[in-house]
Amino acid sequence: KGLSVHVEGLQFFGGLPLPVDVATKVAYGHITAMDYQSGEVRWRYLDPEPMMAGTLSTAGGLVFTGSQTGHALALNAETGEELWRFRLGGGVRSQPIAYQIDGESYVAIGSGNFAGIAGLVGGNIELPEGGQLHVFKLSN
């Protein structure tokens, strides 16, 4: 169920929304870091909108993802603390990817809202539709 990756004993789950919290009747999203051997939840990042993007963990201790509000996010892999946020052109449902060229590291994240899917999970349908690819160079 959903996309997941792991690094150094942790597994990061992303890609599936939790449409509505039954108790509060509020839609929200989350990224959860779990110890894949014990099942212990190490941390949980909460977002005000359902999250449908995949997650990418790096050897440098970062977890990249995106939000339905159109932000690329970088979290600290050990703590879940938000380290970086960048406004994109639409909601993120893609899988971030990392690659290297000539020893330089990059992360690419696609964005583009689709009101039908966003509305299905309780997200904001007012964000622009269409697709864009954003590439970020990581500093060493």
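**View 1. V135 and the nonpolar patch on the surface.** V135 has a relative accessible area of 42%, so V135 is partly exposed (buried means under 20% relative accessible area, exposed over 50%, and partly exposed in between, with a 1.4 Å probe and protein chains only). The model is predicted: local features need pLDDT of at least 70 and side-chain atom pairs count only at pLDDT 80 or more, while totals for chains, interfaces and linings use all residues. Residues are numbered from 1 along each chain as its sequence is written, and side-chain values use heavy atoms, with hydrogens and water left out. V135 sits in strand 12 (strands are DSSP runs of E, at least two residues, numbered from the N terminus). Together with I97, Y99, I101 and L133, V135 forms a nonpolar patch with about 460 Å² of accessible area. Such a patch is made of residues with over 30% relative accessible area and no salt bridge, and its nonpolar side chains (Val, Leu, Ile, Met, Phe, Trp, Tyr) are joined within 5 Å. A salt bridge is a side-chain nitrogen of Lys or Arg within 4 Å of a carboxyl oxygen of Asp or Glu. Accessible areas come from the Shrake-Rupley method with a 1.4 Å probe, and for residues only the protein chains shown count as cover. Strand 10 (97–101) and strand 12 (132–138) each supply at least two residues of the patch; the largest share, three residues, comes from strand 10.

**View 2. The aromatic pair of F64 and W84.** The structure holds five aromatic pairs (rings of Phe, Tyr and Trp, the last by its six-membered ring, pair if their centres lie within 6.5 Å; planes under 30 degrees apart count as stacked, over 60 as edge-to-face and the rest as tilted). F64 and W84 form an edge-to-face pair, at 6.3 Å centre to centre and 75° between the planes. F64 belongs to strand 7 (residues 62–66) and W84 to strand 9 (residues 82–87), so the pair ties together parts that are 20 residues apart in sequence. F64 is buried, at 4% relative accessibility, whereas W84 is partly exposed, at 29%.

**View 3. The rings of W84 and F86.** The ring centres of W84 and F86 are 6.2 Å apart and the planes stand at 15°, so this pair is stacked. F86 is partly exposed, with a relative accessible area of 37%. F64, W84, F86 and F136 form one aromatic cluster.

**View 4. D35 and its contact with R42.** D35 lies in strand 4 (residues 26–35) and is buried, at 14% relative accessibility. The side chain of D35 makes a polar contact with the side chain of R42, at 2.7 Å. A polar contact is a pair of N or O atoms within 3.5 Å; within protein, one must be able to donate a hydrogen and the other to accept it, and residues adjacent in sequence count only if both atoms are side-chain atoms.

Conventions: Patches are made of residues with over 30% relative accessible area and no salt bridge: like charges are joined within 9 Å, nonpolar side chains (Val, Leu, Ile, Met, Phe, Trp, Tyr) within 5 Å. Helices (H or I, at least four residues) and strands (E, at least two) are DSSP runs, numbered from the N terminus.
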